[in-house]
Amino acid sequence: MHVQEWLDTVPAAAVYAVVALVIGLESLGIPLPGEIVLVSAALLSSQHSGVNPVVLGACATAGAVIGDSIGYAIGRKGGRPLLAWLGKKFPRHFSEGHIATAERSFEKWGMWAVFFGRFVALLRIFAGPLAGVLHMPYWKFLTANLLGGICWAGGTTAVIYYVGVVAEDWLKRFSYLGLVAAVLIGLTSMLVLKRKAKKATAEKQATEPEPVAAAD
């Protein structure tokens, strides 16, 4: 069953809660399909008078900002051991290569990495915890987090909603294309990050000194 079809079976209040919860957990550092849920709910709001797009965008933004802030607090308290633990639990998302790539982005771009990371699937789960681990000043993190959450969650909701209103009949027959587009964008960003992660891992291994053989 498509995500949108499932959302259509629950009350509007539950749609808001599901969107906020899934995006919040993803922002906190748990790999979940927040983008797909948001796109599906926004499409639903364009075809379902009970789901208000303004409330939906506000809930999505709140989930993104609160989730990232909790992730920041956890990362600041847990430090490097937390990243090592996450690497064991979610090796595909928190591998050494992925963490190294994200760290370089934070070192180079600072708070802009938090802002633009909101628009990249894998970086969304890194931004909060990693900013906390690297002890980014909270006011900088909160500023970038808030602006990024508004632009990504609010912007995505607005764009998908108005597309749905303009092309309502077409989207009723082909609404899965919106989900396909979201999945393709997510997969593309994931592949790019995976490629960079492999490169970072290879560079790290190349710079590590070879172990010296013990003398007899």
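The model is predicted, so local features need pLDDT of at least 70 and side-chain atom pairs count only at pLDDT 80 or more, while totals for chains, interfaces and linings use all residues. Residues are numbered from 1 along each chain as its sequence is written, and side-chain values use heavy atoms, with hydrogens and water left out.

**Overall fold**

The protein chain holds ten helices and zero strands; helices (H or I, at least four residues) and strands (E, at least two) are DSSP runs, numbered from the N terminus. Of the 216 residues in the protein chain, 43% are buried. A contact means heavy atoms within 4.5 Å. Among contacts with a separation of 6 or more, 81% join residues 24 or more positions apart. The chain exposes about 11,800 Å², of which carbon and sulfur atoms supply 68%; these areas come from the Shrake-Rupley method with a 1.4 Å probe, and for residues only the protein chains shown count as cover.

**The nonpolar cores**

A nonpolar core is a set of buried Ala, Val, Leu, Ile, Met, Phe, Trp, Tyr and Cys residues joined through side-chain atoms within 4.5 Å. The largest has 21 residues, and V15, V19, I23, L38, A41, L56 and A60 have the most contacts inside it. Two or more residues of this core come from each of α2 (12-28), α3 (34-47), α4 (53-89) and α8 (138-166). The largest share, seven residues, is given by α3. A41 touches L7, V15, V19 and L56, residues up to four places away in sequence not being counted. A second, separate core of eleven residues includes F106, V114, F115 and M136.

**Helix α2**

The expected span of a helix is 1.5 Å times one less than its number of residues. For the 17 residues of α2 this gives 24 Å, which agrees with the 24 Å between its end C-alpha atoms. The buried residues of α2 are V15, Y16, V19, V22, I23, G24, E26 and S27. An α-helix has 3.6 residues a turn, so residues three or four places apart point the same way. After α2 comes G29, whose phi is positive, near 130 degrees.

**N145 in α8**

N145 lies in helix α8 and counts as buried at 2% relative accessibility. A polar contact is a pair of N or O atoms within 3.5 Å; within protein, one must be able to donate a hydrogen and the other to accept it, and residues adjacent in sequence count only if both atoms are side-chain atoms. The table lists two partners of the N145 side chain.

| Partner of the N145 side chain | Distance |
|---|---|
| Side chain of S69 | 3.5 Å |

Not counting residues up to four places away in sequence, N145 touches A64, V65, D68, S69, V114 and R118.

**Aromatic rings**

Rings of Phe, Tyr and Trp (its six-membered ring) pair if their centres lie within 6.5 Å; planes under 30 degrees apart count as stacked, over 60 as edge-to-face and the rest as tilted. By this rule there are eight aromatic pairs. The rings of F115 and F116 have centres 4.9 Å apart and planes at 90 degrees, so this pair is edge-to-face. F116 is partly exposed, with a relative accessible area of 48%. Ring pairs link W112, F115, F116 and F119 into a cluster.

Terms used: Buried < 20%, exposed > 50% of the residue type's maximum accessible area, 1.4 Å probe, protein only.
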